[in-house]
Each structure stands twice: as C-alpha cells, then as structure tokens.
Amino acid sequence: MGMLQMMLDYLRIRRRAGMSQDEIKAYQRREAQRLVRYAVDNAPFYRRHYRGYDLDDVWRLPTVNKELMMDNLSECNTVGLTKKEIMEFCLRVEETRDFSVRLHGYAVGMSSGTSGNKGVEITSQREEDLLRAYLFAVFPRPEGKMNLAFILRVSSPAFNIDRFGHRLTYISQRNSLDVIRDKLEKLQPNAISAPASMLRILADEHQAGRLRVAPEMLVSYAEVLAPDVEQYLEEVFDCEVYEVYKATEGAIAASRPCGNLHINEDLVAVELYDEHGKPTPPGEPCHAMLVTNLVKTALPFIRY
C-alpha cells in the first residue's frame, strides 16, 4: 500500500471516529447493503441464501453460522478458491509453520479454534492494508515508532508490518519458553501482544529476573483477560494493558486510549439478542451475537 492510500484510509478512519450514534447506524446499514450486493453478485452461496429476500432490508436477511459456511466454503468466498485447496493449504501451513506464504495472493488461515471449532479466514491485500491503517488510526500505541512482538500459536501475512519505521515481529507460541525469552530480549519490543496466559508467564519470568524487557504497553487477545491477571501484569511491567477481541469473523473490538474495550463499529456491525431472539437492551447481557464484517469481501461474514 502506498503512502497516499494509507494516509487517505487513516484520515477516513479518524473522521468516522467522530460520528454520532445515528451516523454510525446509517453508515453500517449503507456498508452492509453494499456488501450484500457484492456477495450476491460474486458468491453462489449468498445468491441462493438470499433468494426471495429484500436485499436492502439487510438486518432481516437469514443468518449464517460456522457449520453452514464451512460446508459451502467453495461458494461462500468471492475469489474463486475451492474448499479442497483452502483446506490443503491451511494444513500445509500448519505442518511447515511457514506463515509467510499466500494462496493465489490471499492470506488464508485457519483459526486457532479457541471456541471449539476451527474456521477459515481469507483476506485480500486491500483488506490487510485497511486493517493496518486502522491499527495506526485508533489503537493505542507506544510513543514514537512501534516495535511490537506478536506471540501466538499461528500467524498470517496479514499480521506482518514493517513500514514507516513501525515493525511487528511474529514469535511462535509453540517455541520453548527459553526461545521466546531469547527472542524478546534480542528484539527489546516497546509493545508485547500475546494471549493472557502467555502474558502471565512472561510476567512471572520478568518478576523472577529471567526476562529483561521493558515494554511500554501490553496487548491481550485470544483469551479472556481476568481482572486479577490484568492488575498483576500492570504491576510487574509498570505499563498499560490493552485488549483486542479478534475472531475469524473480524476485528470485533479493541481498547481505546481511555482503556476500555470498544466495538469497532466502522469495521463490524454487531447485533445482540436475548434468549427469546429479541434485541438485548443496552447494558444487559446478551444470549447471542451476530456479526457483519463491513470490510471483508474475499470471504464475506454477513449476520454470522
């Protein structure tokens, strides 16, 4: 992505951050309608799934779940990939641990399966670039250039950043603790992102004097961050702890500078329902959540 395109994306994202609630709802409806039309034109599954429905009445369209998407994976994506080649590619990457490779130019990965069932994500280069611009536009980051260590079991080319002096370095969580410590000490990151349990292990190592790093911020994802663990991490590393709620269906929520987890409402539209299928009032626990990813077109997630 060129500097001009990144700056345009950055400015658009910053401008959307100031939208009112009514403007957000109108934006989500407009983008969801655009996405539905694109999916119907380019994915046979969605063309069948929405037959007979009013495509503009997007929040009343039939839902999609993981089982339905995986069963129809060849016809759910809009870029012509077959389920066979997708699954073979994902398994090959799992075996080789080479997360730099792409499938016909697309970043294709299998989820870590923390919910119990694995899903598939297909990301185009344009979608990757947009998410990187989003990271710089709204997510808290250290002073100066970002040097972030990204620790997780799996990775993707979409996670790689080495632009404009900012760098993201992937470290496999499957490495031994000795290897992870060595990589972190050589990298000396000013930000470390990892699942909450991994951050807790690193804090124990730091507390014991076996890990010599001084991050300015920590980012937790992939697992629930318990309040007592968050407090422990803040005390040990003497820095802020932020969260990212990222799933196969999209970057659903992230911490803002105020420290709270916020829905990324210009990336995803979230519908919350109670056990009776009625919209959940603000502030009340929900029984079911539907996600529409407003920016993913290679493999659309609509009322998922």
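1. By class, the residues lining the second largest cavity comprise five nonpolar, three polar and four charged residues. Here Ala, Val, Leu, Ile, Met, Phe, Trp, Tyr, Cys and Pro count as nonpolar, Asp, Glu, Lys and Arg as charged, and the others, Gly among them, as polar. The model is predicted: local features need pLDDT of at least 70 and side-chain atom pairs count only at pLDDT 80 or more, while totals for chains, interfaces and linings use all residues. Residues are numbered from 1 along each chain as its sequence is written, and side-chain values use heavy atoms, with hydrogens and water left out.

2. The lining of this second largest cavity includes Glu121, Glu127, Lys246 and Lys296, together with Leu131, Leu267 and Val295. A cavity is a set of points, on a 1 Å grid over the protein atoms alone, where a 1.4 Å probe fits but cannot get out; lining residues have an atom within 4 Å of a point. At least two lining residues come from each of strand 2 (120–123), helix 7 (125–138) and strand 9 (250–255). Helices (H or I, at least four residues) and strands (E, at least two) are DSSP runs, numbered from the N terminus.

3. The volume of the second largest cavity is about 80 Å³. A volume is the space filled by probe spheres set on the grid points, which are joined across faces, edges and corners. Three cavities of 30 Å³ or more are found in a search of the whole structure.

4. The structure has 20 salt bridges, each defined as a side-chain nitrogen of Lys or Arg within 4 Å of a carboxyl oxygen of Asp or Glu. Arg181 pairs in this way with Glu205, the closest N and O atoms being 2.6 Å apart. Arg181 belongs to helix 8 (residues 177–187) and Glu205 to helix 9 (residues 196–207), so the pair ties together parts that are 24 residues apart in sequence. Both Arg181 and Glu205 are buried, where buried means under 20% relative accessible area, exposed over 50%, and partly exposed in between (1.4 Å probe, protein chains only).

5. Elsewhere, salt bridges that share partners join Glu121, Glu127, Lys246 and Lys296 into one network.

How values were computed
1 Å grid on protein atoms, 1.4 Å probe; cavity = no way out; pocket = protein on both sides within 12 Å on 5 of 7 lines; lining within 4 Å.
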